[in-house]
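Here is a protein model to read slowly, one question at a time. Each reply sets a computed value beside the rule that gives it a name.

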Amino acid sequence: VLILTLGLILFVLATAGKLHAEDHSKAQMQYMTGLKLMKDQSKNAATNHAKANFWFTMAAHEGHGGALFHLGVSYENGRGVQKGLRLAARFYRLAAARHHVAAQYNLAVMTAHGKVIKRDLEKALALILIAKQNTDLNPNARLRLNQFQTAVETMLSNAQINRTEWQVAKLFGTRI
């Protein structure tokens with residue numbers, strides 16, 4: 001099982017950027033199948049998580065951001081796979097690059113706490129500011145981002161905050 005899991009992971013990582021328009025609907029169906037299995041709270045929850053991860057892996061192979069995020073969560077928490085924080089961070093990075101807000105948040109938390117990733121509060125703040133650029137955020141997500149931003153900013157100097165805000169603003173062409 002471990003060899004199969006590692007093989008699937010390497011396959012996804014090697015080809016994660018292949019999302020094409022014609023593959024999107026297939027990836028979305030695979031992702032939705034994974035979500036359905038993951039949400040099933042029957043007595044076979046562990047088996048369902050493993051099956052969900054298989055479908056997430058298939059969708060992630062097509063570059064689906066949500067699937068990449070859920071693989072990150074699975075590896076961070078050891079759901080249906082052996083716990084692996086490095087792999088979780090890798091999947092979060094891939095999903096964050098596809099503008100997945102929850103992945104950006106989780107990656108920011110890992111970065112702020114030095115969880116497998118070198119602790120860097122400015123990078124954590126930058127990830128939060130980037131996530132906040134998503135205009136479709138629901139109020140609960142915006143609140144969590146704002147709270148985490150405040151917590152991180154209390155540990156930074158004004159110069160560090162201003163530098164980070166400037167860098168993100170330069171990236172997006174707007175002042176944060």
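Q: Why does R93 count as partly exposed?
A: Buried means under 20% relative accessible area, exposed means over 50%, and partly exposed lies in between (1.4 Å probe, protein chains only). R93 has 43% relative accessibility and therefore counts as partly exposed; its place is in helix α5, residues 85-97. Helices here are DSSP runs of H or I with at least four residues, and strands are runs of E with at least two, numbered from the N terminus.

Q: What kind of model is this, and how are its residues numbered?
A: This is a predicted model, in which local features need pLDDT of at least 70 and side-chain atom pairs count only at pLDDT 80 or more, while totals for chains, interfaces and linings use all residues. Residues are numbered from 1 along each chain as its sequence is written, and side-chain values use heavy atoms, with hydrogens and water left out.

Q: Why is H100 called buried?
A: The relative accessible area of H100 is 19%, so H100 is buried. H100 lies in the loop between α5 and α6 (101-113). Leaving aside neighbours within four places in sequence, H100 is in contact (heavy atoms within 4.5 Å) with G65, G66, F69 and A95.

Q: What makes E62 and K26 a salt bridge?
A: A salt bridge is a side-chain nitrogen of Lys or Arg within 4 Å of a carboxyl oxygen of Asp or Glu. The side chains of E62 and K26 meet at 3.8 Å, N to O, in such a bridge. The pair links distant parts of the chain, 36 residues apart, with E62 in the loop between α3 (45-61) and α4 (65-77) and K26 in helix α2 (residues 21-39). E62 counts as buried because its relative accessibility is 6%, whereas K26, at 39%, is partly exposed.

Q: How many salt bridges does a search of the whole structure find?
A: The search finds three. One of them joins K115 and E76 at 3.3 Å, N to O. Another is formed by E122 with R163, whose closest N and O atoms are 2.9 Å apart; this pair links helix α7 to helix α9, 41 residues apart.

Q: Why is V168 called buried?
A: V168 has a relative accessible area of 4%, and is therefore buried. V168 is found in helix α9, residues 158-172, and its C-alpha atom is separated by 7.1 Å from that of L129, 39 residues apart along the chain.
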